[in-house]
Amino acid sequence: MGKRAQQAGDAGPLLEQAVRSVLTAPEEALDLALDTGASLLAASAGQWSAVSRALLGYADTAVGRCWSAGWRPADLARVVRRGLKPVHLALAVDLIAAEDRRHAAAALDRRWREQLRELEAEVWWPGDEQYLGAFAQRHRLDRFALATAVLELLRTWGRLPPIAPVGPAPGQAARAQHSGPEHPGSSAGEPRMLARIRALLAKAESTEYPEEAEALTAKAQQLMAQHSIDEALLAAAGADRDIPAALRIGVDNPYEGPKTMLLDAVAAANRCRVVWAKEFGFCTVVGFDGDLDGVELLYTSLLVQATHALNKAGSGRDSRSKAFRQSFLVAYAARIRERLTAATERTTSAAAAGRHLREDGTEEQLLPDARLLPALAARSEAVDEEVGRLFPKLVSQRVRVSDGEGWAAGRAAADRAALHGRAGEIRR
């Protein structure tokens with residue numbers, strides 16, 4: 001009994017020793033380090049509950065270190081999804097949930113809470129001593145296989161470099177929202193206008209009638225455009241001291257270059273900037289909160305449309321080639337950029353002339369406001385300054401086109417795309 005208690009007390013240092021050995025192992029010696037560490041952790045069934053408790057305690061440090069280095073829940077999950085296996089992702093979500101117990105909901109900003117909900121990060125196990133046993137049973141793993149997965153995950157996270165933060169870490173002051181009260185059906189902290197737009201887009205995507213979908217999407221676009229303009233005028237009046245923010249959007253292979261071009265097209269039309277971290281599979285989008293929300297909605301919708309259009313494009317032998325698909329998506333992004341830029345200019349000109357869209361979709365004529373264009377220019381300048389602060393060293397990258405048929409098909413598909421989100425119009 002005394003010996004078993006002593007072993008349980010040694011589980012924490014044993015785990016740290018195994019993790020340290022795996023973290024520092026060069027690639028050529030990694031398999032040996034993993035086998036040795038996993039064997040130590042899984043050797044005794046009597047020690048397994050202590051290892052379980054030690055792991056969840058260690059997660060507080062390991063995950064917390066990632067938060068301090070600028071990473072967020074969706075980022076850690078994305079890294080695991082790109083480089084490891086589904087069992088590692090399940091472990092990752094659980095360790096994030098375990099660390100989250102340290103923080104009250106009020107200590108987390110809106111987007112952080114949204115990421116936790118999307119990951120479904122929650123403590124499902126009955127007690128920390130029982131976690132590894134319950135996980136092994138759920139995923140049909142033996143102790144050695146599970147210990148190996150744990151060490152592989154902790155190595156991946158432990159070797160992540162610091163990155164530019166895109167919001168407060170838990171416990172830091174959250175960015176204030178300036179978008180009015182929440183809508184009853186919105187996510188916690190979500191601006192009421194965004195909830196309204198999201199609801200319109202959900203109806204547009206679910207209806208079987210194309211004309212109804214176009215009308216709903218057009219209304220959503222107009223509301224988002226007007227919301228952005230209202231925010232700019234609020235700032236010009238001195239009632240809003242908000243500053244640019246940032247978020248990360250995953251951009252994965254295949255064809256990550258053209259996908260990044262599409263995101264950049266959407267962001268540029270909405271006075272946001274995009275910085276691509278290719279090695280980690282995400283882009284950082286910098287802009288004001290309301291614009292960032294619109295960019296994410298619009299990009300997601302257009303990417304789905306582009307994928308569907310690409311799958312239907314062409315019937316020839318070359319339509320499934322890599323060159324065709326790459327050229328298709330590059331052309332699609334280029335044409336969307338043209339459409340969105342033109343639509344934004346039309347919306348801004350109408351607002352400068354005093355035409356204001358109410359939230360219920362009706363329009364009212366106001367006196368032209370000379371502050372609008374300078375206010376929008378000031379916000380664009382603030383975004384540029386924030387990009388320079390977060391990313392002082394940037395490198396441009398080109399994406400090449402090698403298939404003329406794919407280019408033509410991509411532009412045609414972009415002409416047919418519904419511009420879900422912010423500024424824009426539906427082709428009638």
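Predicted model: local features only at pLDDT ≥ 70, side-chain atom pairs only at ≥ 80, totals over all residues.

**Loops, sheet and confidence**

User: Pro 254 lies in the loop between β1 and α12. Is the peptide bond from Asn 253 to Pro 254 cis or trans?

Analyst: Helices (H or I, at least four residues) and strands (E, at least two) are DSSP runs, numbered from the N terminus. As a rule, most peptide bonds are trans, and most residues other than glycine have a negative phi. With omega near 5 degrees, the bond from Asn 253 to Pro 254 is cis.

User: Over which residues is the pLDDT below 50?

Analyst: A contact means heavy atoms within 4.5 Å. Beyond near neighbours in sequence, one such stretch has 28 contacts in the model: residues 177–189. Another has 18 contacts, counted beyond near neighbours in sequence: residues 401–407.

User: What share of the 428 residues is buried?

Analyst: The protein chain has 16 helices and five strands. Of its contacts with a separation of 6 or more, 76% are between residues 24 or more positions apart. Buried means under 20% relative accessible area, exposed over 50%, and partly exposed in between (1.4 Å probe, protein chains only). The buried share of the 428 residues is 50%.

User: In what order do the three strands of the open sheet stand, and which stand at its edges?

Analyst: Two strands count as paired if DSSP finds at least two bridges between them. The pairing is antiparallel, and the order is β1-β3-β2. Each edge strand has a single partner, so one side of each has no neighbour in the sheet; these edge strands are β1 (245–250) and β2 (273–277).

User: What is the average twist from one strand to the next?

Analyst: Axes are lines fitted to C-alpha atoms, for helices over the stretch in contact, and angles run from 0 to 180 degrees between N-to-C directions. From strand to strand, the twist averages 25 degrees.

User: Is Cys 283 buried or exposed?

Analyst: A search of the whole structure finds zero disulfides, taken as pairs of cysteine sulfur atoms within 2.5 Å. Cys 272 has a relative accessible area of 4% and is therefore buried. Cys 283 has 0% relative accessibility, so Cys 283 counts as buried.

User: Which glycine has a positive phi in the turn between β2 and β3?

Analyst: These strands pair in the antiparallel sense over five bridges. Ala 277 stands opposite Phe 282 in β3. The strands form a hairpin with four residues between them, and the glycine in the turn, with a phi of about 75 degrees, is Gly 281.

User: What are the relative accessible areas of Tyr 255 and Arg 140?

Analyst: Neither is a glycine, yet phi is positive: near 65 degrees for Tyr 255 and about 55 degrees for Arg 140. Tyr 255 lies in the loop between β1 and α12, Arg 140 in the loop between α8 (131–139) and α9 (143–158). Tyr 255 is buried because its relative accessible area is 16%. Arg 140 is exposed because its relative accessible area is 81%.

User: Leaving aside neighbours within four places in sequence, which residues does Leu 303 contact?

Analyst: Leu 303 belongs to helix α13 (residues 289–312). At 21% relative accessibility, Leu 303 counts as partly exposed. With those neighbours left aside, its contacts are Lys 259 and Leu 262.

Terms used:
Residues numbered from 1 in each chain as written. Heavy atoms only, no water. pLDDT = per-residue confidence, 0-100.
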